[in-house]
Structure formats: C-alpha cells, structure tokens
Amino acid sequence: MTRIEELFDAVLTGNRDAAVEVARRALEASVDPQSLIDDAMIPAMDEVGRRFEEEEYFVPELLLSARAMKSVLERIKPLLSQKGTSHKGCIVIGTVQGDLHDIGKNLVAAMLEGAGFEVVDLGTDVSPERFVAAVEEKSAKLVGLSALLTVTMPSMKSTVEALEAAGLRDRVKVMVGGAPLSTDYAEEIKADAYADNATAAVRVAQALVGA
Ligand code: B12
C-alpha cells in the first residue's frame, strides 16, 4: 500500500494516530503536503460522506474522520506557506450561521495565509452581524463565506444583504464556497465569486484584490 493509500484508509476509518504517523512519514520522504490533502484526505472525506448517505456511517464516524483529518491539517498548515509572500490585504472568513462544518474552511484559510493574506477566521456558526462587525473593524478587502449544508446556504444571502445594509458592499468583495454551492448560486445571492477548492480560492482571492 502506498503512503497516500495508507493515509486515505486512516482518515476513512477515523484512526487519528495512524493518520498523523503516516503523514509524518510521508513528509519525511518528501511527499508533497498538498498531495496528502488532494489525493488522500479529501477523497477519504468524500467516501465518508458517501457512506453516511448510504447509512453505513453515522455521526460518530463522521466526527472521528473529521478529527483525523484536522490533526493532520494542523501539522501540514505551516508547510503550505509560500516563502517570500507579501501582505495582500485582510480577508475575513467563516462558516455561516447554523453550520458547524469547518474542515474545508480551515483549509481555505490556511492556503490564503500561505499566499500572503492576513486571515481573520471567525470560526463556525457565524451570524451576518458578526461578519459585518469584523469586516468593519479590520477594514477587510475580502470576506469568505463557507456552507456545507443546503439549509444554511440562505445564511450566505443574509450575510451579503447585511454587508449591503451596513454600506460596506462597495468596498468588500464576497467569495463563497462549500460542497453544495455553485457559480449560479453565487450569482443569485450577488456574491462576487465562487471557488470549489482551496487552491482555486487562492486564485480567486488574488484576482478579486488585483494581486
Ligand atoms: C465531516 C462532516 C461532518 C462533521 C464536521 C466536522 C467539522 N469540524 O467540520 C460533523 C460530524 C460535525 C458533521 C455534522 C453534520 N453533518 Co456533515 N459532513 C461531513 C462530511 C463527511 C465531510 C465534510 C468535509 O470536511 N469535507 C472535506 C473538505 C476539505 O471539503 P469541503 O468542506 O467541501 O471544502 C472544500 C470546498 O468545498 C471549498 N470550500 C469550503 N469552504 C469554502 C469557503 C470559501 C470562501 C471558498 C472559496 C471555498 C470553500 O474548499 C474546500 C477545500 O478544498 C460531509 C460529506 C462531504 N463529502 O462533503 C458531510 C455533510 C456535509 N454533512 C451532512 C449532514 C446532513 C450533517 C448533519 C446535519 C448530520 C446530523 N444528522 O447531525 C450535521 C450538521 C451539523 C451542523 N449544524 O453543521 C450532509 C449535508 C447534506 C446537505 N445537502 O445539506 C453531508 C453532505 C453528508 C451527506 N452526504 O449526507 N458533518
């Protein structure tokens, strides 16, 4: 079994210690940290989601897999930083109200930080008012909204509307992401852009601030 397959298995079975150990060995052997994410852990989480849908997995299994992926991400995060990056401005990011999923959002935040953005991460279950307050306080150029549940997608619309009502909409760009989203939905709620993964999120963010 390759290290990528071993990591896939460890995340799929929610074995945190094995996941961390395999990742450590892979990094020692100079495996690209991005490939641990893209080729092992994201496919593993997709399979976890599929098993959940098929009722082979339940919430405890989701939590164990999520914990394993998070532990590896914590260790990989510093390696995602690109050397010599300049400060590209502040981005406020968070998972919208009602939604507790944060793995994808954390990954996007880590990659943006690595690309030279100052990232203010508000965490999960963030109300439109908290997004508005943080954008104001930090004079942020960008705000990133994450949602993984179809039922929390409308919180994105409320957040865009709250930014508009606070008179901030013409000085902050809104970028949205999360598995149930699409470019069409981003357009519908008047967000500026959608990205379907963390690498694309960095490209989109750079384009939005003209970096
Ligand atoms: C792990 C997980 C959980 C964990 C979350 C742990 C955590 N700390 O995040 C726990 C157990 C808490 C959980 C709970 C629930 N979950 Co859940 N969960 C998942 C699972 C398996 C994986 C999500 C994940 O981490 N993926 C890996 C990351 C890397 O991918 P990602 O999040 O999509 O992020 C990428 C992109 O979307 C994008 N992106 C993400 N955010 C952003 C933001 C910006 C600005 C940008 C530009 C891009 C971007 O870039 C990321 C990196 O590439 C998914 C299934 C799936 N495959 O998506 C179900 C899933 C999302 N969950 C689901 C459900 C139903 C629930 C619960 C309601 C279950 C329950 N009955 O209690 C609760 C809801 C809790 C709540 N209020 O939020 C459903 C949602 C169905 C729907 N259509 O709404 C899914 C799809 C499972 C399924 N197939 O049914 N869950």
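What follows is a walk from the whole chain down to single residues.

Keep in mind that this is a predicted model. The protein chain has 9 helices and 5 strands, and a cobalt atom sits in the ligand, with H101 as its only protein donor.

**Overall build**

- If you'd like dimensions, the C-alpha trace spans about 55 × 45 × 25 Å along its principal axes.
- Of the contacts with a separation of 6 or more, 71% come from residues 24 or more positions apart.

**Surface and charge**

- Buried residues make up 47% of the 211 in the protein chain.
- The accessible surface is about 10,500 Å², and carbon and sulfur atoms account for 50% of that.
- On the charge side, there are 22 positive and 34 negative charges, and their mean positions are 6 Å apart.

**The cobalt contact**

- H101 reaches the cobalt atom of the ligand through NE2, at 2.3 Å.
- To find H101, look in the loop between β1 (90-95) and α5 (103-114).

**Helix α1 and its cover**

- Helix α1 takes in residues 3-12, and its buried residues are L7, A10, V11 and L12.
- Among the elements covering those buried residues are α2 (16-28), α3 (33-53) and α4 (59-76).
- After α1 comes G14, which has a positive phi, near 70 degrees.

**I93 in strand β1**

- I93 belongs to strand β1. Its relative accessible area is 4%, below the 20% cut-off, so I93 counts as buried.
- Setting aside neighbours within four places in sequence, I93 has contacts that include K105, V108, A109 and L112. V119, V120, D121, L122 and G123 are also among its partners, as are F131 and G144.
- For a sense of distance, I93 and E54 are 39 residues apart in sequence, and their C-alpha atoms are 32 Å apart in space.

- S146 is in strand β3, which covers residues 142-146.
- Why is S146 called buried? Its relative accessibility is 8%, and buried means under 20%.
- Not counting residues up to four places away in sequence, S146 touches G94, T95, V96, K105, M156 and G177.
- T159 is part of helix α7, residues 153-165. With a relative accessible area of 0%, T159 is buried.
- Leaving out residues up to four places away in sequence, T159 touches P128, F131 and L145.
- F131 turns up in the contacts of T159 and in those of I93. K105, in turn, is listed for S146 and for I93.

**T150, out on a loop**

- You'll find T150 in the loop between β3 and α7.
- Is T150 buried or exposed? Its relative accessible area is 57%, over the 50% cut-off, so T150 counts as exposed.
- T150 and P180 are 30 residues apart along the chain, and 6.3 Å separates their C-alpha atoms.

Definitions and conventions: Residues numbered from 1 in each chain as written. Predicted model: local features only at pLDDT ≥ 70, side-chain atom pairs only at ≥ 80, totals over all residues. Heavy atoms only, no water. Helix = DSSP H or I, 4+ residues; strand = E, 2+ residues; numbered from the N terminus. Buried < 20%, exposed > 50% of the residue type's maximum accessible area, 1.4 Å probe, protein only. Contact = heavy atoms within 4.5 Å. Areas by Shrake-Rupley, 256 points an atom, 1.4 Å probe, with all protein chains shown as cover. Lys, Arg positive; Asp, Glu negative; His and termini not counted. Charge placed at Lys NZ, Arg CZ, Asp CG, Glu CD. Donors = N, O, S within 2.8 Å, 3.2 Å for Na, K, Ca; no water.
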